[in-house]
Protein chains: 2
Amino acid sequence: MTKNTEPGAQSGTIRLFALPDFPEVQNGDDISLFLLDSLEKAGIALQAGDLIAIAHKVISKAEGRMVNLDEVEPSLKAQEVAATTDKDPRLVELILTESQEISRMRKGALIVRHRLGFTSANAGIDRSNVSQDTSGEWVVLLPVDPDASAARISQEILDRAGVSVGIVIVDSHGRPFRLGTVGVAIGVHGIPALWDRRGESDRYGYVLKHTEVGTADEIAAASSLLMGQAAEGQPAVLIRGLELPPIPGKASDLIRSRDMDLYR
Amino acid sequence: MTKNTEPGAQSGTIRLFALPDFPEVQNGDDISLFLLDSLEKAGIALQAGDLIAIAHKVISKAEGRMVNLDEVEPSLKAQEVAATTDKDPRLVELILTESQEISRMRKGALIVRHRLGFTSANAGIDRSNVSQDTSGEWVVLLPVDPDASAARISQEILDRAGVSVGIVIVDSHGRPFRLGTVGVAIGVHGIPALWDRRGESDRYGYVLKHTEVGTADEIAAASSLLMGQAAEGQPAVLIRGLELPPIPGKASDLIRSRDMDLYR
């Protein structure tokens with residue numbers, strides 16, 4: 001390996017670093033401080049153009065989005081849906097509260113359109129990677145406004161470290177047509193979420209007609225490879241070397257409206 | 001940057017290198033030789049555990065999957081569909097030949113279930129990044145059997161370089177619910193395509209119930225960030241440092257059967 005050893009030193013090289021020893025997050029914790037501490041311990045100085053991808057769960061926890069199921073009173077509607085789907089009525093109550101509408105349901109499955117616009121199982125609520133105690137069974141909801149969370153974290157990092165970094169907040173979604181969850185962007189700041197490349201020419205001069213790239217989702221998927229789903233405990237990933245245009249984006253740019261959705 | 005400078009030196013770091021100066025591919029070209037030449041020129045020696053992601057188009061071209069539209073005779077069915085979708089009847093003829101069925105169509109859009117099982121626009125056929133000449137208008141179909149292509153390339157690299165590498169063949173697909181194309185895996189060899197993590201414990205000891213990860217699709221999406229869609233001309237990406245279980249996979253593992261598809 002004689003070349004490409006300096007991170008970001010040239011076009012065509014991307015590096016993803018899982019930030020080591022990221023601490024356990026509690027309600028009220030300062031995520032940008034945790035990110036900067038972890039980077040410092042790893043000996044990494046932020047550079048312009050760096051991105052940080054963060055698993056939504058640590059944002060949710062810092063924002064106090066944990067709910068004790070013992071304190072949830074399921075509505076009649078939630079009890080009906082719970083009976084159909086064979087799910088905990090208290091969990092279903094939370095799912096419905098977080099959703100615009102039920103997309104599909106059957107035994108074992110509840111797919112909804114989340115209030116944030118995307119379609120996912122259980123409105124992104126689950127109990128994996130949530131510390132449990134004797135007070136009840138805890139679950140975590142998605143952040144209230146993940147784009148705003150991403151913007152706040154980016155601003156705090158700028159204030160404290162003097163570097164403007166892009167932020168992508170990541171959830172894992174199941175998909176129509178294809179098996180397996182993949183990381184998707186539910187919060188974005190400082191990068192294009194959807195990169196419109198129509199009008200650019202390919203290498204033979206042919207003008208692209210249809211290419212809009214889900215850039216933030218590709219970043220989320222890449223980061224998800226390092227975050228893992230199980231015991232890795234690596235909720236934050238630094239991405240260096242990715243060259244993107246300075247187009248501000250937000251996660252809602254990636255939502256396909258129903259009347260434009262010929263794929264369904 | 002004092003740490004993480006040796007590629008793959010530790011867990012938690014992934015590096016993606018776009019192979020430089022990848023040559024123009026013609027019918028009959030030897031892709032594994034091109035890959036090894038490009039790596040050698042870049043001064044990169046393959047290591048066990050390396051993956052190579054390849055844009056499907058260079059595989060298709062090497063396998064002679066270019067078609068001159070002037071030589072295509074559209075059927076009556078193709079002419080009908082072309083009228084509905086406002087597409088070239090010769091292109092529609094090829095799309096139908098490559099498809100199991102039409103999923104949805106309207107003016108400007110033709111979504112099909114490809115003979116390989118996935119659902120995509122225009123059966124993956126387009127004319128971007130295809131060299132044109134005066135003999136007609138050329139388009140490129142997907143490889144006949146991308147899993148077999150991936151296996152063959154991996155075997156040839158093993159024979160020539162003595163290193164076993166995983167291969168992912170990448171296409172860009174539009175998606176239901178979300179805007180923007182993302183890289184997906186249409187050919188896989190030597191890595192899990194779908195990584196079943198059910199039964200593993202999270203960091204608090206909670207046993208995961210539902211987590212099957214679309215690992216090969218996440219790799220395809222990550223690689224797609226470097227391949228670009230326009231003039232970059234970087235169709236091959238080396239991925240180093242990703243730790244995966246030694247589970248052989250194939251792209252068809254990622255196809256969700258219709259009766260299990262509650263997301264649609």
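Predicted model: local features only at pLDDT ≥ 70, side-chain atom pairs only at ≥ 80, totals over all residues.
Modeller: Local features need pLDDT of at least 70 and side-chain atom pairs 80 or more, while totals for chains, interfaces and linings use all residues. Residues count from 1 along each chain as its sequence is written, chains are lettered from A in the order written, and side-chain values use heavy atoms, without hydrogens and water.

Colleague: What makes a space a cavity here?

Modeller: On a 1 Å grid over the protein atoms alone, a cavity is a set of points where a 1.4 Å probe fits but cannot get out. The search of the whole structure finds 3 of 30 Å³ or more.

Colleague: What volume has the largest cavity?

Modeller: About 340 Å³. Volume is the space filled by probe spheres set on the points, which are joined across faces, edges and corners.

Colleague: Which residues lie nearest the centre of the largest cavity?

Modeller: A:R175, A:R178, A:V182, B:R175 and B:V182, out of 28 lining residues. A lining residue has an atom within 4 Å of a point.

Colleague: Which elements of chains A and B each supply at least two residues of that lining?

Modeller: β9 (182-189) and α6 (215-227), in chain A and in chain B. Helices are DSSP runs of H or I, at least four residues; strands are runs of E, at least two; numbering starts at the N terminus.

Key: 1 Å grid on protein atoms, 1.4 Å probe; cavity = no way out; pocket = protein on both sides within 12 Å on 5 of 7 lines; lining within 4 Å.
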